[in-house]
Each structure stands twice: as structure tokens, then as C-alpha cells.
Amino acid sequence: MAELVAKKNAGTFSEEKNKGKYLNYINGEWVESSSGKFVPVFNPANGEVLGEVTQSTEEDVNRAVKAAKVAQKSWRLVPAPERAEFLYKVAGLLKDRKEQIARVLTSEMGKVIDEARGEVQEAIDMAFYMAGEGRRLFGDTVPSELRNKFAMSVRVPIGIAGLITPWNFPIAIASWKSLPALVAGNAVVWKPATETPAVAQEFVRIYEEAGLPKGLINLVHGSGSVVGNAMVDHPDIDLISFTGSNEVGKQINERAGALLKRTSLEMGGKNAVTVLEDADLDLAVDGILWSAFGTSGQRCTATSRIIVHDKVKEALERKLVDRIGELTLGNGLDETVKVGPVINRSALKQIDEYVQIGKDEGAKLLAGGYIVTENGLDRGNFYAPTIFTNVTSDMRIAKEEIFGPVVSIISVSSLEEAIKVNNDVEFGLSSAIFTADVNRAFQAMRDLDTGIVYVNAGTTGAEIHLPFGGTKGTGNGHRDSGEASLDVYTEWKSIYVDYSGKLQRAQIDNY
Ligand code: UN1
């Protein structure tokens, strides 16, 4: 295995040139957009300006694609185990810088430092895992139906992967997409979220220091409407892998569909935890508090519904209300803080509007329901962890993704009803069931219609070596993470070698 420690100053990143400015990385160089425009980046915990990010144009995307195209021509011929050596170096560098990147992540995105460390760990795990794929990338060898003929399938790279990633997991999701793309022999053009350019910069610096040949990873900052659309429309970008809102995902799919371009879309969720009457309620409360309010509810996998058997509804509510006070709010860099801010003011406003909608719909507020302003928190974007009860499936708060620390309790009287309620939403990412009954657990595993199911654990916590994604409105059938993600970044090629020395005709000559 290649040495895991990076050569000092292997890259061209300049602390001076890049100070306070988040630049594009195109063809191995850190460059400002041709637009000359920058927008500020804020710390969501206190409103402090962290720096400014270049706002790219279609021209920048074209330059990135041009560089990617040249680089991919040679990269596809590099043996995959050799490509993987770069990924091992990336994994080692991520490991060395885990704490530093986690701190940047918390400052920029808001999640508490322990969660930020966990997120960087997710990227480390993915890098080691995908580096291993360099020696697998399995295809099949199968018997031919004809004599003296050999048949096999191999994975081949597609070309240029366009990645559009969100702010809520700015390095984990970028790792889920860029690492399989690269190990499979593609080049990458990456547009990270405007809110989290510093983490993107850290990640690309690592690729640079690992010695990845120039042009293979290109970072283009900017808006979805300019940079994102230019990527989707560019004829030389062969696929788009996107994680974000349904609204944007649908637009991407329509535009890309007209060009017959592959898209891998990972969008919203309305994830539920079901608590049956035989559940360990304290364990269920642990799972719910973590999954509903961790990352301030800003995970695609966050719990936003609790489906509880009416026999234990009151007991569960009491325990939740008793424990919700443990969730201290504040700047995520403070190790004692449990819940950080939400990403920005408009998210804060939208969460508050949903709470108002819940009240208007007749749901009963059990806890929270307000913007937190005391102790200087008004400088940041803090929303109190919020629980509604007496919610019914037809209410908007039970159907729409809120993407904030708000959870709704719906009561049911059987497992069958719980499954029906769980499945009665337009999304299908994650679901969980707490029960002590193995028969009912297996029934739920079979009938919950989401892409991820947990038994006796909350709805978050997906591991990187399994497929990540959802059904119905959550996705379009593709998966991030795990071996399954290779299907996004490769084409299948079926190869037949006839060594009979004569013309043999399949389906005709064998019977
Ligand atoms: C997301 O919210 O988009 O399972 C990703 C989890 C994390 C990943 C979440 N490992 O919650």
C-alpha cells in the first residue's frame, strides 16, 4: 500500500491567496470565478462572517469540464488498484485532519462537534472502503451457451460525473459520491452547497495533497441556477449525482431527462419511528431524541414522526417531555452543547411557519415551538426542540418535510395501522420500529416501504458499506454508499470472446 502520510506542500493551495476566500479548483489550480463576484459565508451559531465564496459562471463550468475530459482520458487507463492508492492517501489525510476538518464543519454548518467528528469519520470510512473497491469492481464471468466461447461483464467508467451536494453533510455526502466516481475511473466536477465552501475546500485540498492528477477533481462554487444548471445541461457531463430538495431534484431530472443523461437523486424524507406497546420505552426515547433533534433535525434521515401504540402514548410523551430539557442549545464548538443552530435565517423562519401551521391544524404542542433568543443565541439561528402530539396523518406537519427540530406524535392501535401510517407519505427514506416481539419486527422489516429500516434504533445512523437511499419521492432508484453506488458511476460492458475459430451464432447454433 502507498505511504499514507502526505508529502508536505504537495499541492498548490496557498494559505495567503486563499485566506478568507473560497476559490474554485479547476485543472489543479485554485482560481477565482470569471464573474469576480463573491458572497459571504456565515457561522450559523453567531452570524459571524467566516469568509466569502466565489460565484461561478457557465464559463467556469465549461473550463472545469474541459479539464476533466482531458484528465479522464488517461485516468480510465490507470489500473483500478493504482487509482485506489490515491484513495488510501485521501483516507490517511482525512484521518490525520479529522479534528481540524470537524471544527471547520461545525463553524460553517452548525452541527455539534461530536457529530462533525462523526461525519468526518464517515468520509474516512468511505475512503478506505472505496479504495478497497479498486481491487474488486467485480463483474461476472459466466458460461457461454456456445462451445469455445468465453463470456464476462466488466464495469467501465462513464466519463465525467457532475456532483451537486448539500450543506447538511458537506463532507460525508461529497465522499459518498466523489470516491466511487474516481475509483471507477471517472473525472469529477463538483458543486458544493454555497453555505459550506470551507469544508469543500478542505476535502479538495486533501485530494490535491494526495497527488491526484490535475483535472480529475474540479470544484466549482456557485448557485444551483447558474452552476448547477450549466452542469446538468453540459453535453460532456455524463451523469449528475444530486442530494438535496425534491423541488430541485425534479428540475434536474427534467432537464437531464431531455438529454437522456443519467441522474442519481437523493431527496427528502418524512421518517417515522414506530413504538409498539411492548417496546423498551427508555430505549425508544433515546432513539427518538437522537434521531429527531441530532443535527437540529436537518438530516434526510431525521425522525419527524413518532407513531405510537395508544397503550403507551402517554407514558412515551411523559418520558420525552422529561428528557427534552437535556438538549442544551448553543454553539456546537462547545463540547457540552447537544443541539446546534439551523443553517440560516430563512430555514429558521420556515421551521417557525411549520410550527404555526401545526397549531392551526389543531395539533397540540408538547414542547418547544419557538425561536430561541436568550443568552445571545439571537445572533444565531436557534430553534427549540419541538414536539407536537395528537397529530393525524392528513395534517401538513405529518406529510411535508420540515428539515428542522420538529417531531409529530401520531397514535395507532396496531402494528398494521402503524405500517399504514408509516407508508402513507410521499417519501420513503428511513423508518424504525421499537418492539420486543421478533415476529412483529420481521413483519415490519418486510412491510415498511422505506429504503432503510431500523429495528430498536432510531432512523439515523446509516453505515457507509450499505446502500443509502429511498423509495417513492425520496429518490429515483439509485443508491449512494456501499457497492451499490458503483452502479451510478459505471456502465456495464458485456464481452464475448469466441475462440472456436468459426462463426457461431448465439441462439441458433447451440440447439
Ligand atoms: C443525510 O441526512 O442526507 O444515516 C445523510 C445518517 C447519516 C447520513 C445522513 N449517516 O443519518
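How exposed is arginine 262, going by its relative accessibility? At 22%, arginine 262 counts as partly exposed, where buried means under 20% relative accessible area, exposed over 50% and partly exposed in between (1.4 Å probe, protein chains only). Before the close-ups, a word on what you're looking at: this is a predicted model, in which local features need pLDDT of at least 70 and side-chain atom pairs count only at pLDDT 80 or more, while totals for chains, interfaces and linings use all residues. Residues are numbered from 1 along each chain as its sequence is written, and side-chain values use heavy atoms, with hydrogens and water left out.

**View 1. Arginine 262 pairs up with glutamate 491.** Their side chains meet in a salt bridge at 3.4 Å, N to O; the term stands for a side-chain nitrogen of Lys or Arg within 4 Å of a carboxyl oxygen of Asp or Glu. Arginine 262 sits in strand β12 (residues 262-266) and glutamate 491 in strand β22 (residues 490-498), so this pair ties together parts that are 229 residues apart in sequence. Helices (H or I, at least four residues) and strands (E, at least two) are DSSP runs, numbered from the N terminus. Glutamate 491 is partly exposed too, at 37% relative accessibility.

**View 2. Lysine 177 and aspartate 480 form a salt bridge.** The N-to-O distance here is 3.2 Å. Lysine 177 belongs to helix α6 (residues 172-183), while aspartate 480 is in the loop between β21 (471-472) and α16 (486-489), so the pair ties together parts that are 303 residues apart in sequence. Both ends are tucked away: lysine 177 is buried at 0% relative accessibility, and aspartate 480 is buried at 2%.

**View 3. Arginine 440 holds on to glutamate 277.** In this salt bridge the closest N and O atoms are 3.5 Å apart. Arginine 440 is in helix α15 (residues 438-447) and glutamate 277 in the loop between β13 (271-275) and α10 (281-293), 163 residues apart. Arginine 440 is buried, with a relative accessible area of 18%, whereas glutamate 277 is partly exposed at 29%.

**View 4. Histidine 309 reaches over to serine 413.** You'll find histidine 309 in strand β14 (residues 303-309), and at 5% relative accessibility it counts as buried. Its side chain comes to 3.1 Å from the backbone oxygen of serine 413. Leaving out residues up to four places away in sequence, histidine 309 touches Val275, Leu276, Glu277, Val412, Ser413 and Ser414, with contact meaning heavy atoms within 4.5 Å.

View 5. A polar side-chain atom of arginine 299 is 2.8 Å from a ligand oxygen, and an N or O atom in the side chain of threonine 301 is 2.7 Å from an oxygen atom of the ligand.

**View 6. A network of salt bridges links Glu99, Arg103, Asp114, Arg117 and Glu335.** Counted by the distance rule, the model has 26 salt bridges.

Methods. A polar contact is a pair of N or O atoms within 3.5 Å; within protein, one must be able to donate a hydrogen and the other to accept it, and residues adjacent in sequence count only if both atoms are side-chain atoms.
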